[in-house]
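Biologist: Let us go through this structure together. I will ask what each label rests on.

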Amino acid sequence: MRLNIMVTPLICLMLLLSLYGCNSSTRSNKNPFNAHATLEQMDKLLAELQDIDTIDCKNLDEIVTINEDMRGIVENIRTIDEFDRLVEAYQAKEHQITFSFSEDKQMGVFSWYTKMDCLGHVIKNIALFKSKDKVTASSLYGKSLIFNSIGSVQKDNGNVVYLLNGDRVSEEPTILGYTITNGYLVESTMPVAEKTYVNNLLN
């Protein structure tokens with residue numbers, strides 16, 4: 001009986017050590033984030049998209065898969081360090097993918113043409129923003145635009161409105177405002193006078 005009492009904790013301890021060893025191995029084998037490689041991978045996938053024939057909605061499965069791969073890459077950017085390195089890498093070299101970010105580097109948006117016109121999803125926008133010591137990804141819905149710059153205006157209450165400036169072929173430039181509130185990206189409306197100021201600022 002006493003032998004059983006001694007053996008059981010010993011077995012539990014060995015199992016815990018084994019599990020810890022596996023977890024440590026998994027962590028050490030995980031490749032560190034490489035911002036340049038991440039952007040190059042996005043460029044590569046975008047080039048693959050551009051080469052696919054979409055007449056009569058052909059190759060839709062392949063198109064959806066590539067878009068999901070691109071979405072997954074962006075949504076896996078989770079730390080402030082990764083975001084900052086991504087901004088630095090994007091500034092250092094020209095890329096095919098569009099990645100615009102605010103001057104304070106608190107927010108950025110990836111935009112690309114999905115070639116999923118058959119499904120009604122012409123453009124994909126995924127915002128990355130800093131909040132509570134981490135980076136959160138959020139898809140932007142509504143009017144499809146390729147965002148090419150992000151300005152900002154500080155309101156009287158201290159909140160910063162991030163102004164996403166984008167355009168679409170044959171349409172007037174559009175500006176959308178967002179605030180980072182309680183860890184979420186919230187669309188923010190702007191008075192007409194403020195919109196005029198913003199238009200002058202970004203033009």
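Modeller: A search of the whole structure finds seven salt bridges. The term means a side-chain nitrogen of Lys or Arg within 4 Å of a carboxyl oxygen of Asp or Glu. This is a predicted model: local features need pLDDT of at least 70, side-chain atom pairs count only at pLDDT 80 or more, and totals for chains, interfaces and linings use all residues. Residues are numbered from 1 along each chain as its sequence is written, and side-chain values use heavy atoms, with hydrogens and water left out.

Biologist: What makes Asp53 and Lys58 a salt bridge?

Modeller: Their side chains meet at 2.9 Å, N to O. The cut-off is 4 Å, so the pair qualifies.

Biologist: Why is Asp53 called partly exposed?

Modeller: Buried means under 20% relative accessible area, exposed over 50%, and partly exposed in between (1.4 Å probe, protein chains only). Asp53 has 30%, so it counts as partly exposed. Lys58, at 42%, therefore gets that label too.

Biologist: How do you know that Glu68 and Arg71 are paired in a salt bridge?

Modeller: N to O, their side chains are 2.5 Å apart. Both residues lie in helix α3 (residues 60-75), three residues apart, about one turn of the helix. Helices here are DSSP runs of H or I with at least four residues, strands are runs of E with at least two, and both are numbered from the N terminus. Glu68 is at 39% relative accessible area, so it is partly exposed. Arg71 is at 24%, so it is partly exposed as well.

Biologist: Which salt bridge links distant parts of the chain?

Modeller: Lys130 with Asp84, the closest N and O atoms being 2.7 Å apart. Lys130 is in strand β3 and Asp84 in helix α4, 46 residues apart.

Biologist: Is Lys130 buried or exposed?

Modeller: Buried: its relative accessible area is 12%, so it falls under the 20% limit. Asp84 has 30%, so it is partly exposed. Elsewhere, shared partners join Glu68, Arg71 and Glu75 into one network of salt bridges.

Biologist: What is the nearest side chain of opposite charge to Asp43?

Modeller: Lys93, 6.4 Å away. Lys and Arg count as positive, Asp and Glu as negative; His and the chain ends are not counted. The limit is 4 Å, so 6.4 Å is no salt bridge. Leaving aside neighbours within four places in sequence, Asp43 is in contact (heavy atoms within 4.5 Å) with His95, Gln96 and Ile97.

Biologist: Which strands stand at the edges of the sheet, and why?

Modeller: The open sheet has four strands in the order β1-β2-β3-β4, with antiparallel pairing. β1 (98-101) and β4 (134-139) each have a single partner strand, so one side of each is left without a neighbour in the sheet.

Biologist: How confident is the predictor?

Modeller: pLDDT is its confidence in each residue, from 0 to 100. The chain mean is 81, and 73% of residues reach 70 or more. Over residues 19-29 the pLDDT is below 50, and beyond near neighbours in sequence this stretch has one contact in the model. Where pLDDT is low, the predicted coordinates should not be read in detail.

Terms used. Pairing = 2+ DSSP bridges.
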